[in-house]
Amino acid sequence: MIFSTLEHILTHISFSMVSIVITLHLITLLVNKIVGLYNSFEKGMIITFFCITGLLVTRWIYWKHFPLSDLYESLIFLSWSFYIIHMILYFKKQKNSLSAITAPSAIFTQGFATSGLLTEMHQSAILVPALQSQWLMMHVSMMVLGYASLLCGSLLSIALLIVTFQKEIIRIFYKKKYLLNESFLFGEIQYMNQKDNMFQSASLLSIRNYYRSQLIEQLDHWSYRVISLGFIFLTIGILSGAVWANEAWGSYWNWDPKETWAFITWTIFAIYLHIRTNKNSRSANSAIVAFMGFLIIWICYFGVNLLGIGLHSYGSFTLTLN
């Protein structure tokens, strides 16, 4: 009874903190100069992280199994993993550009899990025989950590694509504007004024391009590192799942929908790493593959559960609308 009450308290506190943190995050995105507000946002993220950690530990103690037996628990663990990545980047002093990617991932995942849409799954139950194994912690935790890392890395790659194509659009627009202005120059004074304006615009554009190139390099660097980490987690998760499947079902691989999409996900990010390690390839090429991987991860993690079929059907759910 005590653990059940504590679990409900932590759930409500974490959801309340998420609501506050979302507000603070939106304000900090609109107004970058409020340093105190940004610090409050990060403190809110840390408090929410500890609430989720307490929630997971409480469920672990109360239900006497690692809290990864259904979709609700895996969403909480996924959110917890996002918070871990956010904290690592925060303490690495990568505060502004990268936290704008990792923070919403953690906030909205937890917000969805604790919003009441999955009310029927909040109460855990006795594990099905297939899940009553020591492999539960190893396999599922590695898979969810892999999903979290790959999703964050893919979002960084998507941000890279947006910044890269925005740069190309601005460059084309600037060239057209320059040609248009050049065709309507009349007189020496008008020419000199236009020349000065052109040099000022060129200097501003060069500064802007410098910072944009720095941002692209930073996004490419961290997306590669985070996706590489996620790929390792995913590989360990798939291998441990194969061993567990052999013990539970007598076969290492059954081409279950979840297994199939996990293999597709692994293949996509293997292609990403292959392209990324090629020095002659542009960063945008690997980012496009990461964007494809981002969509496939959600199909693998979330979409397959909507079907409710296959050997992993215990992870299916029904949305409860109040």
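How many disulfides does the structure hold?

1. The structure, which is a predicted model, holds zero disulfides.

2. As for the overall make-up, the chain contains eight helices and zero strands, and from the N terminus on its elements run α-α-α-α-α-α-α-α. Of the 322 residues of the chain, 44% count as buried. Among the contacts in the chain with a separation of 6 or more, 81% are accounted for by residues 24 or more positions apart.

3. Two packed helices are described by the angle between their axes and the distance between the axes.

4. In the pair formed by helix 3 (residues 71–91) and helix 4 (residues 99–113), the axes come within 8 Å and cross at roughly 160°. An angle over 145 degrees counts as roughly antiparallel, and helix 3 and helix 4 are therefore roughly antiparallel to each other. Their crossing is left-handed. On the side of helix 3, the residues that meet helix 4 include Tyr72, Leu75, Phe82 and Leu89, while on the side of helix 4 the residues in this contact include Thr102, Ala106, Ile107 and Phe112. When the residues of the contact of helix 3 with helix 4 are sorted by kind, they divide into 13 nonpolar, seven polar and no charged.

5. A second pair, helix 7 (residues 257–277) and helix 8 (residues 283–307), has axes that come within 9 Å and cross at roughly 165°. That angle makes helix 7 roughly antiparallel to helix 8, and helix 7 passes helix 8 in a left-handed crossing. The residues of the contact of helix 7 with helix 8 divide into 20 nonpolar, five polar and two charged.

6. Finally, is isoleucine 162 buried or exposed? This residue has its place in helix 5 (residues 135–183), and at 54% relative accessibility isoleucine 162 counts as exposed, because the cut-off for exposed is over 50%. Although isoleucine 162 and alanine 284 are 122 residues apart in sequence, they are 9.7 Å apart in space, taken from C-alpha to C-alpha.

Definitions and conventions:
Residues are numbered from 1 along each chain as its sequence is written. This is a predicted model: local features need pLDDT of at least 70, side-chain atom pairs count only at pLDDT 80 or more; totals for chains, interfaces and linings use all residues. Side-chain values use heavy atoms; hydrogens and water are left out. Axes are lines fitted to C-alpha atoms, for helices over the stretch in contact, and angles run from 0 to 180 degrees between N-to-C directions. Helices (H or I, at least four residues) and strands (E, at least two) are DSSP runs, numbered from the N terminus. Angles under 35 degrees count as roughly parallel, over 145 as roughly antiparallel, 65 to 115 as roughly perpendicular and the rest as oblique. A crossing is left-handed if the near helix is turned anticlockwise from the far one by less than a right angle, and right-handed if clockwise. Contact means heavy atoms within 4.5 Å. Ala, Val, Leu, Ile, Met, Phe, Trp, Tyr, Cys and Pro count as nonpolar, Asp, Glu, Lys and Arg as charged, and the others, Gly among them, as polar. A disulfide is a pair of cysteine sulfur atoms within 2.5 Å. Buried means under 20% relative accessible area, exposed over 50%, partly exposed in between (1.4 Å probe, protein chains only).
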